[in-house]
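Student: I would like to go through the geometry of this model with you. Could we begin with how the helices pack?

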Amino acid sequence: MRKIGIMGGTFDPVHNGHLMLADTAYRQFDLDQVWFLPNGNPPHKKEENIGTDARHRSRMVALAIQGRDYCRLEEYEVRRREVSCSYQTLEHFRKQYPEDEFYFIIGADSLFAIETWVHPERIFPACVILAACRDDHDTLEEMKVQIEHLKTVYPKARIQLLRSPLIPVSSSEIRRKIRAGLSIAEEVPEEVEAYIKEEELYEP
């Protein structure tokens, strides 16, 4: 049985915070692999809010994870034309790899929003949730209360706290800096920065 972490996101662009989260989950939960899953057509994001198309976003992920043997680019959602919901993707992986255990890596904001997602009751049986948290006491306590709430409402919920030194970086801030002509060298891997420049992504 493999223990596989799933990191979904638009990755628009992928940045060092994503890589740090993957590294931490890999070590903390003794995972065998972490799959980066770029969203193709996510239900919660309008297309005009996504800065560039899936082909570029996938390519940037591939460049970012070079040299990390335990990381894999998984293009299942990118290849689908339909809207991709988390429960469908997780059930697909469970069906395709019945011997494996899946760990769905999410941020604190997603932990509080998960009940608004499509069929949350089908997400919990399909995976263990790893909810990333800062070592901020108040946030930690709020997350523990939310976890207990979710376990009460969804008896099959398996949720663990992922203690990660979250880097204060966001894809939207990186896009803003590019439009303003500022350097993003500290926020993204060198290969990703070079690709963005070469393809003239996110420029005004």
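This is a predicted model: local features need pLDDT of at least 70, side-chain atom pairs count only at pLDDT 80 or more; totals for chains, interfaces and linings use all residues.

Student: Which residues make the contact?

Tutor: From α2 they are His 56, Arg 59, Met 60, Leu 63 and Ala 64, and from α9 they are Glu 191, Val 192, Tyr 195, Ile 196 and Glu 199. By class, the contact of α2 with α9 comprises 6 nonpolar, 1 polar and 3 charged residues.

Student: Turning to the sheet, what is the order of the strands?

Tutor: The sheet is open and has 6 strands, in the order β3-β2-β1-β4-β5-β6, with parallel pairing. The edges are β3 (71–73) and β6 (159–163); each has a single partner strand, so one side of each has no neighbour in the sheet. From one strand to the next, the twist averages 30 degrees.

Student: How many bridges join β4 and β5?

Tutor: Strand β4 (residues 101–106) and strand β5 (residues 128–133) pair in the parallel sense over 4 bridges. Phe 104 has Ile 129 in β5 as its bridge partner.

Student: And which strands does α1 lie across?

Tutor: Helix α1 (residues 16–28) lies across β1 (3–9), β2 (33–38), β4, β5 and β6, and runs at about 120 degrees to β6.

Student: Where do Trp 35 and Tyr 97 lie?

Tutor: Trp 35 is in strand β2, while Tyr 97 is in the loop between α4 (86–96) and β4, so the pair ties together parts 62 residues apart in sequence.

Student: Finally, what about the backbone: is the peptide bond from Asp 12 to Pro 13 cis or trans?

Tutor: The bond from Asp 12 to Pro 13 is cis, with omega near 5 degrees. Pro 13 is placed in the loop between β1 and α1.

Student: What is phi of Glu 200?

Tutor: Phi of Glu 200 is near 55 degrees, a positive value in a residue other than glycine. Glu 200 belongs to the segment after α9. Most residues other than glycine have a negative phi.

Note on methods
Residues are numbered from 1 along each chain as its sequence is written. Side-chain values use heavy atoms; hydrogens and water are left out. Contact means heavy atoms within 4.5 Å. Helices (H or I, at least four residues) and strands (E, at least two) are DSSP runs, numbered from the N terminus. Ala, Val, Leu, Ile, Met, Phe, Trp, Tyr, Cys and Pro count as nonpolar, Asp, Glu, Lys and Arg as charged, and the others, Gly among them, as polar. Two strands pair if DSSP finds at least two bridges between them. Axes are lines fitted to C-alpha atoms, for helices over the stretch in contact, and angles run from 0 to 180 degrees between N-to-C directions.
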